[in-house]
Amino acid sequence: MILYHGSLERIETPEIRVPNRTLDYGAGFYATTSFEQAEEWVRRRMREAFANKGYVNEYSLNTESLEHLNSLSFESPTEEWLDFVMRNRTERGFTHDYDVVYGPVANDKVYAAFALYEGGLLSKQNLIAELKTYKLVDQYLFHTPKALEAISFIKAKTILL
């Protein structure tokens with residue numbers, strides 16, 4: 001399986017990084033099966049950093065090695081997924097012990113719906129129903145160094161503004 005990671009850097013050796021903001025699945029190295037999503041991520045970072053160049057890094061995922069890791073997988077938005085994302089996003093100091101987490105990306109459109117839920121304007125069930133109407137891209141979080149052993153760098157495509 002091929003995965004992509006958008007970055008301002010060419011990343012031949014991925015590493016676990018503690019983010020400067022809260023993320024859906026916690027700290028680690030994020031990747032997606034969607035080249036377009038990775039390109040969108042890097043273009044957003046380029047605009048924020050006033051950079052004129054970034055990269056979509058491509059990796060091979062050894063899916064057999066995932067069988068030996070502590071993994072959590074969400075195939076679609078569910079109550080469990082919502083609770084997990086909300087804990088990562090809102091509970092200061094929250095961490096989990098999964099090596100790999102897989103599931104939908106909570107993008108900007110999703111966060112608008114999350115805000116309605118947090119404000120009590122949307123029930124959990126209605127939020128899940130709403131999210132299931134969106135075409136959500138996937139993401140993998142590699143949360144531990146052991147998990148990073150499952151991916152191998154292939155190449156990086158330069159993205160220019």
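**Figure 1. His96 and the residues around it.** His96 touches Tyr25, Phe84, Asn88, Val101, Leu141 and His143, leaving aside residues up to four places away in sequence; contact here means heavy atoms within 4.5 Å. This is a predicted model, in which local features need pLDDT of at least 70 and side-chain atom pairs count only at pLDDT 80 or more, while totals for chains, interfaces and linings use all residues. Residues are numbered from 1 along each chain as its sequence is written, and side-chain values use heavy atoms, with hydrogens and water left out. You will find His96 in the loop between H3 and E5. Helices (H or I, at least four residues) and strands (E, at least two) are DSSP runs, numbered from the N terminus. Is His96 buried or exposed? His96 counts as buried because its relative accessibility is 10%; buried means under 20% relative accessible area, exposed over 50%, and partly exposed in between, using a 1.4 Å probe and protein chains only. Look for Gly26 too: His96 and Gly26 are 70 residues apart along the chain, yet their C-alpha atoms are separated by 7.9 Å.

**Figure 2. Helix H3 and what covers it.** H3 has 12 residues and runs through residues 79–90. From its first C-alpha to its last, H3 reaches 16 Å, close to the 16 Å expected at 1.5 Å a residue; the expected span is 1.5 Å times one less than the number of residues. Which residues of H3 are buried? They are Trp81, Leu82, Phe84, Val85, Met86 and Asn88. Their cover includes strand E4 (71–73), strand E5 (100–104), H4 and helix H5 (124–131).

**Figure 3. Where H3 meets H4.** Helix H4 spans residues 108–118, and H3 packs against H4 at an angle of about 90°, with the axes 13 Å apart. Axes are lines fitted to C-alpha atoms, for helices over the stretch in contact, and angles run from 0 to 180 degrees between N-to-C directions. H3 and H4 are therefore roughly perpendicular to each other. Angles under 35 degrees count as roughly parallel, over 145 as roughly antiparallel, 65 to 115 as roughly perpendicular and the rest as oblique. From H3, Trp81, Leu82, Val85, Met86, Arg89 and Thr90 take part, meeting Val110, Tyr111, Phe114, Tyr117 and Glu118 of H4. The residues of this contact divide into eight nonpolar, one polar and two charged. Here Ala, Val, Leu, Ile, Met, Phe, Trp, Tyr, Cys and Pro count as nonpolar, Asp, Glu, Lys and Arg as charged, and the others, Gly among them, as polar.

**Figure 4. Where H3 meets H5.** The axes of H3 and H5 lie 10 Å apart, and the two helices pack at an angle of about 100°. H3 and H5 are therefore roughly perpendicular to each other. On the H3 side you can find Glu79, Trp81, Leu82 and Asp83, which meet Lys124, Gln125, Leu127, Ile128 and Leu131 in H5. This contact of H3 with H5 is made up of five nonpolar, one polar and three charged residues.

**Figure 5. Two nonpolar cores.** A nonpolar core is a set of buried Ala, Val, Leu, Ile, Met, Phe, Trp, Tyr and Cys residues joined through side-chain atoms within 4.5 Å. The largest core has 21 residues, of which Tyr25, Trp81, Phe114 and Leu131 touch the most other members. H3, H4 and H5 each supply at least two residues of this core. Which helix gives the most? H3 does, with five residues. A second, separate core has 16 residues, including Tyr59, Leu61, Leu66 and Val100.

Figure 6. Lys109 is exposed, because its relative accessible area is 54%, whereas Ala112, at 47% relative accessibility, counts as partly exposed. Between Lys109 and Glu67, 42 residues apart along the chain, the C-alpha separation is 33 Å. Ala112 and Val101 are 11 residues apart in sequence and 23 Å apart in space, C-alpha to C-alpha.

Figure 7. Glu40 sits in H1 (residues 35–49) and is partly exposed, with a relative accessible area of 40%. Glu40 and Gly6 are 34 residues apart in sequence, and 7.7 Å apart in space from C-alpha to C-alpha. Phe50 is in the loop between H1 and strand E3 (53–61). With 78% relative accessibility, Phe50 counts as exposed. The phi of Phe50 is near 55°, a positive value in a residue other than glycine.
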